[in-house]
Amino acid sequence: MEKQKIILDCDPGHDDAIAIMLAASAPNLEILGICVEAGNQTLEKTGNNTLNLVQYLELNVPVALGSGKPLKRTPMTCAEIHGETGLDGFPFSLLKIKYHQQNAVELLKSLLDKNKDVTLVPTGPLTNIAELLIKYPETKKNIKSIVLMGGSIGYGNVSPAAEFNILCDPEAADVVFNSGLEVYMLGLDVTRKALVLPKVMKRMAKIHNKAADLFARLMKVFNENQLKIFGHSGAPLHDPATIISLLNPNVFKFQKMNVVIDTTGGPSYGRTNCDRFDYLHQPHNAYVAIDIDVKEYWNEVEKGLKRYSK
Ligand code: BDR
Ligand code: CA
């Protein structure tokens with residue numbers, strides 16, 4: 001089977017960590033590189049977390065840092081959910097690996113110069129991807145699609161209208177959604193249904209390996225923080241939706257529609273305005289996830305964890 005080449009672009013982040021873990025064990029995916037941006041925490045912290053994950057999972061992929069600040073707006077983080085480190089809850093051992101010498105945009109460019117039909121998988125703010133498309137638009141020819149976690153047809157999770165990844169850098173999201181590339185948006189409408197409920201914790205705890213251990217410890221903290229902020233048990237496991245959509249095309253149902261990012265700076269700043277019923281007859285620029293098979297979602301997570309031998 002020919003593997004789908006992917007580049008991850010993330011801000012770990014508890015759910016980013018699970019996405020990386022599932023991507024690394026996916027039989028149909030090949031990770032060419034991992035780019036990091038600020039988001040859930042500062043760039044220094046999300047970068048450190050990425051290196052820790054790569055070392056722990058024994059992955060042989062370059063990890064490159066982005067610029068660390070959004071295109072225009074002031075930076076924001078999400079310590080309430082992901083903690084002081086951005087990945088509270090796992091005792092990683094001493095870090096021995098280092099960042100790639102190129103920054104995220106340069107690494108993306110060199111990987112796209114050497115590879116065709118690459119899928120970009122952003123699970124954080126879209127700054128790195130937007131910077132790439134602005135600086136090196138010619139790389140688009142080798143991008144097959146962008147499969148991202150972000151946005152919402154409905155309400156937001158950091159403002160009434162906006163989802164965190166998009167609100168962190170609405171101007172970057174605007175560049176990505178207007179790039180003419182094939183964009184798949186997995187937003188809160190579907191990820192809010194993939195809740196790490198106690199029954200999920202119990203099920204994954206039956207797997208005894210390093211991946212299941214990482215899952216158990218990270219999801220414990222993720223759930224506790226989610227309960228404090230949103231008042232419900234079972235945190236939505238957002239970011240792995242991207243990888244699961246590539247692992248099993250039957251888990252999500254997509255509809256192509258017009259999506260406009262609100263960059264006006266008002267109360268809906270960062271909203272993904274999704275014209276699901278085509279009121280405005282504007283070009284359909286994104287495939288938006290409108291449904292999820294929750295049972296299959298957890299089956300894919302379980303299979304992904306089980307693929308780790310030790
Ligand atoms: C997104 O925001 C971050 O906190 C998560 O990692 C996820 O990418 C959900 O809104
Ligand atoms: Ca994330």
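1. Ala23 is found in helix α1. Helices here are DSSP runs of H or I with at least four residues, strands are runs of E with at least two, and both are numbered from the N terminus. This is a predicted model, in which local features need pLDDT of at least 70 and side-chain atom pairs count only at pLDDT 80 or more, while totals for chains, interfaces and linings use all residues. Residues are numbered from 1 along each chain as its sequence is written, and side-chain values use heavy atoms, with hydrogens and water left out.

2. Ala23 counts as buried because its relative accessibility is 1%. Buried means under 20% relative accessible area, exposed over 50%, and partly exposed in between (1.4 Å probe, protein chains only). Leaving aside residues up to four places away in sequence, Ala23 touches Ile6, Leu8, Leu29, Ile31 and Ile243. A contact is heavy atoms within 4.5 Å.

3. Thr242 lies 219 residues away in sequence, yet the C-alpha atoms of Ala23 and Thr242 are 9.3 Å apart.

4. Just after α2, Glu58 takes a positive phi of about 55°.

5. How many of the 14 residues of α2 are buried? The count is 10, and the helix is mostly covered. Among the buried residues are Leu43, Leu51, Leu53, Val54 and Tyr56. Asn49 and Asn52 are buried too. The cover over the buried residues of α2 includes β1 (4–10), α1 (14–25), β2 (29–36), β3 (63–65) and α10 (210–230).

6. Now the whole protein. The secondary structure comes to 12 helices and 11 strands. Along the principal axes, the C-alpha trace spans about 50 × 40 × 40 Å.

7. Buried residues make up 59% of the 310 residues. Of the contacts with a separation of 6 or more, 82% join residues 24 or more positions apart.

Key. Chains are lettered from A and ligands numbered from 1 in the order in which they are written.
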